[in-house]
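Please look over the sequence and the model shown here.

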Amino acid sequence: MESAELSELNCLKMRHGEHVILRLTYISRYNIDNPTGEVTRILTQAQQNNERNGITGALVFNHNYFLQSIEGARPVINALLRKLVKDDRHYALQVIECREVEQRHWSKWSMKYLIPSDENKGLALKFSTGSQFNPYLMNTNQIMMLIDTLSDLQEQEEINASKKKKPWFSLN
């Protein structure tokens, strides 16, 4: 492409807001009428679509609730939100936060999948208001701290696991 064409394309993108990065955080309930394995398919599909569309994010799922924070160009996030509202694989979608950001928080992942487990149940409950994990009862700060904490914990586990792997050769 010639520089004049590139300049025109950049101007067009600017007019549509593609230079503005949004972070959208929402919660929803999993539709239990979905077939078994649907969550795995949702995650795989989201990772592929997000990578293609320049979306990064983290998804927390505990078999009842979705808690997701995604980032991308404003028109892309708006289009995705329209699709999410119509998606019958979940219901009771509530936007927790939608704001412009200077830089991405989830830049490493097209979609990171985080699961509250028995090992980290205390962490999930630390940010909840009851004895059960229910993001509908959490405020925005609690939700963001939970996602950050689960993300940091999983990253540390991945680092520790990679350190434990033995090399294919031995110097003994």
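The notes below are grouped by topic.

The model is predicted. Its largest pocket holds about 540 Å³ of space, and 22 residues line this pocket.

**Largest pocket**

- Among the 22 lining residues, Ala46, Asn49, Leu80, Leu84 and Arg89 are the closest to the centre of the pocket.
- Helix H2 (38-53), strand E3 (65-73) and helix H3 (74-86) each contribute at least two residues to the lining.
- H2 supplies the largest share of the lining, with 7 residues.
- Sorted by class, the lining consists of 12 nonpolar, 6 polar and 4 charged residues.

**Glutamine 68**

- Glutamine 68 lies in strand E3.
- Glutamine 68 counts as buried because its relative accessibility is 8%, under the cut-off of 20%.
- Its side chain makes a polar contact with the side chain of tyrosine 26, at 2.3 Å.
- Leaving aside residues up to four places away in sequence, glutamine 68 touches Leu24, Thr25, Tyr26, Ala58, Leu59 and Met111.

**Salt bridge between arginine 74 and glutamate 100**

- Arginine 74 and glutamate 100 form a salt bridge, in which the closest N and O atoms are 3.5 Å apart.
- This pair links distant parts of the chain, with arginine 74 in helix H3 and glutamate 100 in strand E4 (residues 90-101), 26 residues apart.
- Arginine 74 has a relative accessible area of 29% and is therefore partly exposed, as that class runs between 20% and 50%.

**Salt bridge between arginine 89 and aspartate 87**

- The closest N and O atoms of arginine 89 and aspartate 87 are 2.7 Å apart in their salt bridge.
- Arginine 89 is buried, with 17% relative accessibility, and aspartate 87 is buried too, at 18% relative accessible area.
- Arginine 89 is also one of the residues closest to the centre of the largest pocket.

**Salt bridge between arginine 99 and glutamate 97**

- The side chains of arginine 99 and glutamate 97 form a salt bridge with an N to O distance of 3.2 Å.

Key:
Residues are numbered from 1 along each chain as its sequence is written. This is a predicted model: local features need pLDDT of at least 70, side-chain atom pairs count only at pLDDT 80 or more; totals for chains, interfaces and linings use all residues. Side-chain values use heavy atoms; hydrogens and water are left out. On a 1 Å grid over the protein atoms alone, a cavity is a set of points where a 1.4 Å probe fits but cannot get out, and a pocket is an open set with protein on both sides within 12 Å along at least five of seven lines; lining residues have an atom within 4 Å of a point. Grid points are joined across faces, edges and corners, and a volume is the space filled by probe spheres set on the points. Helices (H or I, at least four residues) and strands (E, at least two) are DSSP runs, numbered from the N terminus. Ala, Val, Leu, Ile, Met, Phe, Trp, Tyr, Cys and Pro count as nonpolar, Asp, Glu, Lys and Arg as charged, and the others, Gly among them, as polar. Buried means under 20% relative accessible area, exposed over 50%, partly exposed in between (1.4 Å probe, protein chains only). A polar contact is a pair of N or O atoms within 3.5 Å; within protein, one must be able to donate a hydrogen and the other to accept it, and residues adjacent in sequence count only if both atoms are side-chain atoms. Contact means heavy atoms within 4.5 Å. A salt bridge is a side-chain nitrogen of Lys or Arg within 4 Å of a carboxyl oxygen of Asp or Glu.
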